[in-house]
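Work through each task first, then compare your steps with the solution.

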Amino acid sequence: MRSHHQGCASHAVMWVECRMLEMSCGGRRRFLRSAVMRLPCFFWFLLLLGAGGLLLLHLQDLTETLQQQNQGAQVIFTHLQSVRKEQCSHCLDNDRQSSYPTEDNFPSPAHPVQLPVFPWAQRTSLINPKDITAAHVTKSHRKLLKSGPLVQPLNTDPPGQSRDSTDRLTRVQQVRQRLMREVCAKYTSGATKQTVTRTHVSRIFVEDTHKLLYCEVPKAGCSNWKRVLMVLQGLTSSAGEIQHDEVHYGNHLKRLDSFDHKDIVHRLKTYTKVVFLREPFERLVSAFRDKFESPNSYYHPVFGKPIISRYRSNATQQALRTGAGVTFKEFIQYLLDVHRPVGMDIHWEPVGQLCSPCLLDYDFIGKFETLEEEANFLLRSIGAPSNLTFPSFKDRNPKAERTSSDITRRYFAQLNVTERQRAYDFYYMDYLMFNYSKPFDDLY
């Protein structure tokens, strides 16, 4: 019995010790659990701080790597740009030349041809006409063309020209050619491509010695240009020795339409194609003054008589008989009449129709306003004799004042707003294509 009680006591003591041990272990487990729950706040803060530092270091290394790679990419891209410019230049040449004549009667386009390369006619930095949208040709764009060069200057200096002058005139030519092509692309897009005919080249004079094709634009220095062509051709040694009638009626110069189709194609492919033009309203007034205000045995009877008969209500018999005394207002009425009593004349025909720039894509576009400088630049560029300079004299009515912008305004002041607007519309493509400003503020 006694031993039984002792055993029970011993078991009780052990049970109490185990419970106490369990309580002690449970407390530690609860303590550890709460400690573990409190640990992540501090631990994750340190962990995120360390990870952020590692991430910044990695990004810095990655940035340096990308910069090194990007330098190589820029070199490759620059090379590709130059290759694309060359390819686009080749495509532009082929595209614009695919309409040259191939038959005697010019019924179909000729094969693509390669034009000669001139200092002012480099094709780099030009827009392909196929890629041009209507948004390119805007008033803002024309102002931009006036404000500065769009292309890099070249490193060629014609003899007698300073480097600055050569660079400036080269840039001027490139800008003019660019605008001409943009306007042509805008207004001919979607239309059937026109074939060049003999009519399109009938106003072009040929000078074979220096491989020059000059499109005659009356009242834009054409008389003196013919003198220069005669000197280049070796017909005379001085342009000042050639009289007016000899220039226009001597038949010393050949026209491009007088050649057979093979020779026409050859010259269009290899010669320098040149056109000089003038502010349209000023050219129109100059033509009117020359043909109707001075004695003229051709224009008075051929044009003056039908104009007076149609547009003057109380014409005298003398006016109807001679055709003299046509007023500028009557002349404008004739010009704008879709049923003219007499046809169009080259002296006031728009340059866009007279010289067909969208078909022939001229290599040099000169302007009357800077005629002598640009003509002499061209002469030096084609290798003309060093003693040949463009003449500045006025051989018809030399005592009469040259038609200026002020004189032009006085003549157009005789018209009402509607007549001025319609006259502007008549020459609109010339204004747009060759970057002339609106002559009056009330035009739109």
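**Exercise 1.** In this predicted model, find the partner with which Cys184 forms a disulfide, and describe the link.

*Solution.* Start at the sulfur atoms: those of Cys184 and Cys358 are 2.0 Å apart, and the two residues form a disulfide. Now look along the S-S bond, where an angle of -85° makes the link left-handed. Finally, check accessibility. Buried means under 20%, so Cys184 counts as buried at 8%, whereas Cys358, at 36%, counts as partly exposed.

**Exercise 2.** How many disulfides does the structure hold, and which pattern do they follow?

*Solution.* The structure holds two disulfides. Besides the Cys184 and Cys358 pair, Cys215 is joined to Cys355, with an S to S distance of 1.9 Å. Cys215 belongs to strand β2 (residues 212-215), while Cys355 lies in the loop between α11 (351-354) and α12, 140 residues away. This link is left-handed too, with -95° about the S-S bond. Counting the bonded cysteines along the chain gives the pattern 1-4, 2-3.

**Exercise 3.** Is Lys367 buried or exposed, and which side chain of opposite charge is nearest?

*Solution.* Locate Lys367 in strand β5 (residues 364-367). Lys367 is buried and has no salt bridge; Glu369 is the nearest side chain of opposite charge, 5.9 Å away.

How values were computed. Residues are numbered from 1 along each chain as its sequence is written. This is a predicted model: local features need pLDDT of at least 70, side-chain atom pairs count only at pLDDT 80 or more; totals for chains, interfaces and linings use all residues. Side-chain values use heavy atoms; hydrogens and water are left out. Helices (H or I, at least four residues) and strands (E, at least two) are DSSP runs, numbered from the N terminus. Buried means under 20% relative accessible area, exposed over 50%, partly exposed in between (1.4 Å probe, protein chains only). Lys and Arg count as positive and Asp and Glu as negative; His and the chain ends are not counted. A salt bridge is a side-chain nitrogen of Lys or Arg within 4 Å of a carboxyl oxygen of Asp or Glu. A disulfide is a pair of cysteine sulfur atoms within 2.5 Å.
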